[in-house]
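The sequence and the structure are shown first, and the description follows.

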Amino acid sequence: MEMKRQESGPGKSQEEKQEEIREMGTMDLEEGGGKDEDPHRIKLITIIGEIEGHESVSGNTKATKYEHLLPMLAEIEDSSCIDGLLILLNTLGGDVEAGLSIAEVIASLSKPTVSLVLGGSHSIGGPLAVAADYSFIVPSGTMIIHPVRSNGMFIGVMQSFRNMERTQDRITGFLARHSHMSRERIEELMLDPTQLVKDVGTLLEGEEAVREGLIDQVGGLSDALGKLHEMIDERRSGR
């Protein structure tokens with residue numbers, strides 16, 4: 001399916017804005033204030049439902065498609081009409097390779113980025129939340145850290161185990177690099193057998209996620225936007 005290029009900056013009609021929200025879950029926030037009445041142009045993207053990989057999910061399942069997000073993130077980096085990025089997350093996780101690819105691109109952006117975890121950011125949603133320069137979680141939000149799972153046929157040989165172990169190491173390494181948690185603590189929580197009924201792992205609620213160092217701060221939309229405006233001002237002033 002051919003994807004239409006999303007025009008950035010002012011000048012979109014109301015119909016175009018509604019179409020962008022409906023089709024891509026994104027929109028431009030152009031009314032926010034900066035210093036000296038110089039408005040900040042912020043791109044809002046949502047990561048919701050299941051992170052879809054190389055195979056399409058069920059038609060009844062809400063999904064975030066990485067083939068949509070990757071070119072959009074590249075456009076954000078290259079556009080002179082966008083000053084910062086706000087990411088809203090409410091995901092149960094999904095495809096590991098797709099999720100990590102999105103997280104790596106977010107982490108590599110030179111423009112200020114802020115994430116806000118709403119209902120939850122579970123599994124591969126963890127790297128997506130911490131990939132931003134600064135992360136928030138609402139008080140009722142949750143993060144679930146658990147080992148890599150495999151769907152479909154799995155050949156029970158040592159090579160398969162090592163491949164899964166290396167994939168898990170990539171996730172724990174990313175979380176450790178982009179949060180305030182050590183790899184050892186992440187692995188300890190990931191392998192906790194006492195919290196999840198059908199799996200090992202740990203569920204962290206808002207305050208717990210901040211205490212553990214996975215997320216930077218408990219807050220809501222106004223806090224996330226306020227932090228992003230502050231970061232944009234600092235970038236413009238050269239600090």
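This is a predicted model: local features need pLDDT of at least 70, side-chain atom pairs count only at pLDDT 80 or more; totals for chains, interfaces and linings use all residues.

The partner described here for β7 is strand β8, residues 202-205, to which it is joined by four bridges in the antiparallel sense. Within this pair, T202 of β8 stands opposite I145.

## Overall composition

The protein contains eight helices and nine strands. It has 239 residues, of which 46% count as buried. Among contacts with a separation of 6 or more, 65% are made by residues 24 or more positions apart.

Strand β4 (residues 84-94) runs parallel to strand β5 (residues 113-121), and six bridges join the two. One of the facing pairs is L89 with V117 of β5. V117 also stands opposite I137 in β6, and I137 in turn has V218 of β9 as its bridge partner.

Seven of the nine residues of β5 are buried, and the strand is described as mostly covered.

## Crossover units

Two β-α-β units involve β5. In one of them, β4, α3 and β5 form a right-handed unit. In the other, β5, helix α4 (residues 125-130) and β6 form a unit that is also right-handed.

The loop between β5 and α4 holds S123. Its phi is positive, about 55 degrees, although the residue is not a glycine. S123 has a relative accessibility of 23% and therefore counts as partly exposed.

## Packing of α2 against α3

Two packed helices are described by the angle between their axes and the distance between the axes. For helix α2 (residues 66-78) and helix α3 (residues 96-108), the angle is about 10 degrees and the axes are 10 Å apart. Angles under 35 degrees count as roughly parallel, and α2 and α3 are therefore roughly parallel to each other.

On the α2 side, the contact is made by Y66, L69, L70 and L73; on the α3 side, A98, S101, I102, V105 and I106 take part. By class, the contact has eight nonpolar residues, one polar residue and no charged residues. Serine belongs to the polar class, so S101 of α3 is the polar residue in this contact.

S135 belongs to strand β6. Is S135 buried or exposed? Its relative accessible area is 2%; the limit for burial is under 20%, so S135 is buried. Residues up to four places away in sequence aside, S135 touches S115, A129, L214, I215, D216 and Q217. With I215, which is 80 residues away along the chain, its C-alpha to C-alpha separation is 5.6 Å.

Q217 is placed in strand β9. At 29% relative accessibility, Q217 counts as partly exposed, whereas S135 is buried. Apart from its neighbours within four places in sequence, Q217 is in contact with Y134, S135, F136, I137 and V210. Q217 and P139 lie 78 residues apart in sequence, and their C-alpha atoms are 9.8 Å apart in space.

Terms used:
Residues are numbered from 1 along each chain as its sequence is written. Side-chain values use heavy atoms; hydrogens and water are left out. Axes are lines fitted to C-alpha atoms, for helices over the stretch in contact, and angles run from 0 to 180 degrees between N-to-C directions. Angles under 35 degrees count as roughly parallel, over 145 as roughly antiparallel, 65 to 115 as roughly perpendicular and the rest as oblique. Contact means heavy atoms within 4.5 Å. A crossover is right-handed if, with the strands pointing away from the viewer, the path from the first strand over the helix to the second runs clockwise. Two strands pair if DSSP finds at least two bridges between them. Buried means under 20% relative accessible area, exposed over 50%, partly exposed in between (1.4 Å probe, protein chains only).
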